[in-house]
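Trainee: I would like to go through this model and ask what backs each label.
Mentor: Go ahead. Here it is.

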Amino acid sequence: MGQTFTGSAPMQRQSPLRHFSNLLYRRPNLYLSLLLIPPLLWFGAIYLGSLLGLLWQGFYTFDDFSMTVTPDLTLANFGALFNPANFDVIRRTLTMAVAVSIASAIVAFPIAYYMARYTTGKTKAFFYIAVMMPMWASYIVKAYAWTLLLAKGGVAQWFVQHLGLAPVLQWLLSAPGIGGSTLSTSHLGRFMVFVYIWLPFMILPIQASLERLPPSLLHASADLGATPRQTFMQVILPLSVPGIAAGSIFTFSLTLGDFIVPQLVGPPGYFIGSMVYAQQGAIGNMPMAAAFTLVPIVLIAIYLAIVKRLGAFDAL
Amino acid sequence: MHSEKASWGLKIAAWGGLVFLHFPILIIFVYAFNTEDAAFSFPPKGFTLKWISVAFARPDVLESIKLSLQIACVATLIALVLGTLASAALYRRDFFGKDGISLMLILPIALPGIITGLALLSAFKALGIEPGMFTIIVGHATFCVVIVYNNVIARLRRTSHSLIEASMDLGADGWQTFRYIIMPNLGSALLAGGMLAFALSFDEIIVTTFTAGHERTLPIWLLNQLSRPRDVPVTNVVAMLVMMVTMLPILGAYYLTRGGESVAGSGGK
C-alpha cells in the first residue's frame, strides 16, 4: 500500500478540494469520524435519546384523580403490568404472535421449498418478485383489503357460499377461543389477516436457507438408502430450521407490536399495541404507556435468545 | 432417490400460496372500478372510471397526497445522506463499536413501531416541539436510513477495492476517485435505496399516528375512513393509488440491483 503519490507534486498548485481530499486520505481516522458524526448525532441524540427518555418515563407517577403525571419515581407502573387485566392483554397478544408464527412457517415452507429446489432463472426471478411485491405493498391497504374481503356480503362470504362451506365456517366460528359471530369479528379472522400480512417475511429467510443446502448432501442421503420422505424429515427439515427461526423473528415481533389490525378485524379487547396507544392518547397515562412498551422489548429479547440457539442469526 | 420433478401437492401449495399473497391486492384493483356505492358486495356489478375523478376532486384527498409526497421526499433525502455516510464508514474498516452502530441503525425497524413512535412523541413533548410535518419527517427519516444503508453497503462490498486503488495510482485524488469511480458504481444502488425508502415513508402508519399531531398523511386519511365507513368508493381509489406507489418501487429496485453475484472490477463475470 504505502503513501499516496497524488499529494507529492509540489510544482502543481493544489485546489482546496484536492488538498482536502488528500488530507482525508492521509488521516483515515479524521475521515472516519467525519463520515460517522452526522449519522451518530441523528441516531444518538434523536433515537436513542428518546428511547431512554421513554424508559425513564415508565418510572414516573400518574395520579388517577387529577390525571396528571409527576416526576416522582416509582415501580408501580411495571408492577401494574401483572394486574389480571393487563396480564390478559399480554397473554392474548403473545398467544396470537406464537400462533401466527407457527402458521406462517407452515404456509411459507412449501412456497420457499418449491422456489429453492424446483425453480431456476426466470421462474425463480418471477417467484422472488411475486413474494417481494406483497411484502412491500402498502401495509394499511392490505389491512383494508381484508376488511373488504371479510365484510358481510363480501368476497369471503361469496366463496364460502358457492363452495358449500357455510356449515364448516359455522362450526369453526362456534369453536371456543377462536370463534366469533362473523369472520370479521372473530379471532380466526384476525389471525388470517396477520398470517397474510407477515407471510412474505417468513418465505424469504426459509428460501435463503434452503438455497444454501448443497445438492450433494441430498444425493448422499439417497445413495445411503433414504427414501425421499426420510431425506426430507432428517436432512432438509433440520437444515432449514435456522431459516424458519429467522423468519419467525419478523412474524413474532411484528405481530407483537401491531395495533392497526386488532383495531380493524377481530373481537374487542386490547392488544399490547392498542393498549399503549390508548394509554398515551385517550387516557393520557404516559408512564403506563411507557411501561407497556417494555413488554414487547423484553419478549422480543427473550425470543431472540431462544432463536439464536437455533442458528437464526446465521440465516438472516 | 430424489426426483427432479416437484410433486403435484407441492406445486399446488406453492402456486396456491402465490395466489393467496396476491388475491387481496387484486381485490383492491377490482373494487376501485366498481359501479356500486357501497362497494363491499361481491362479485362487482359493473365497471366505471367515475370514482377516480371523484377522488381526485376531493380537497382532503389532494391535501393528504401532497403532504405524504413532501414528507416522503424530505425523509428520503435525509436517509440518502445519512445512510450513505454510515455505509461508507462501516464497510471496510473495523473499529470499536462498529457492531453497536450497525445494530443501532437496524433498531428503528426491528423494534415495533409503537416503541419508536411513542419514544419520539414523548421526546417531542418534553422538548416542547409541536407535532406536525417536521416531527413526521424526523420519524420517517430515522427508519428509512437502514434501507439506504443496506443497499449502499451491499454495493460497496461488491465493488472491488482495487478499482479505487487503481484510480489513486493513476493520479486521481480522493475527490476525483469519488466522482468518477465510486459514484458511478453507487448510482443505481442509491436510486434503488431511495425508491424503497420513499415507498416505506409513503406508506408508514404506526410511527406516524404518534408523531403526526393534527396532520393527516395519506395512510392516516385511509385509517380514518375505515373507522367511519362512508364514501367507500373514494377510499377504494385512494387505496389503489397507495398500493401502486408502494409496489412499483420494488420492481424498479429489483431491476437496478440484480446481478448480485459478480463483483465489479474483480474480473469476474
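**Labels and their grounds**

Mentor: This is a predicted model. Chain A has 14 helices and 2 strands.

Trainee: Why is chain A called more spread out than a compact globule?
Mentor: Set the value against the rule. The globule rule gives 20 Å for 316 residues, and the radius of gyration of chain A is 27 Å, well over that, so chain A is more spread out than a compact globule. Its C-alpha trace spans about 90 × 75 × 40 Å along the principal axes.

Trainee: What makes a residue of chain A count as buried, and what share does?
Mentor: The cut-off is 20 or more other C-beta atoms within 10 Å of its own. In chain A, 41% of the 316 residues are buried. For chain B, the share is 44% of 269 residues.

Trainee: How do you know which residues of chains A and B touch?
Mentor: Contact needs C-beta atoms within 7 Å. By that test, 76 residues of chain A are in contact with 65 residues of chain B. Helix H2 (residues 28–57) of chain A gives the most to that side of chain A, with 16 residues.

Trainee: What classes make up the side of chain A that touches chain B?
Mentor: There are 56 nonpolar, 18 polar and 2 charged residues.

Trainee: What is the secondary structure of chain B?
Mentor: Chain B has 11 helices and 0 strands. Its C-alpha atoms fill a box of roughly 70 × 70 × 35 Å along the principal axes.

Trainee: How many of the chain B contacts join residues at least 24 apart?
Mentor: Among contacts between residues at least 6 apart in sequence, 77% do. In chain A, residues 24 or more positions apart account for 71% of the contacts with a separation of 6 or more.

Methods
Residues numbered from 1 in each chain as written. Chains lettered and ligands numbered in written order. Predicted model: local features only at pLDDT ≥ 70, side-chain atom pairs only at ≥ 80, totals over all residues. Helix = DSSP H or I, 4+ residues; strand = E, 2+ residues; numbered from the N terminus. Rg over C-alpha atoms; globule rule 2.2 N^0.38 Å. Buried ≥ 20, exposed ≤ 12 C-beta atoms within 10 Å, placed from the backbone. Contact = placed C-beta atoms within 7 Å. Nonpolar A, V, L, I, M, F, W, Y, C, P; charged D, E, K, R; others polar.
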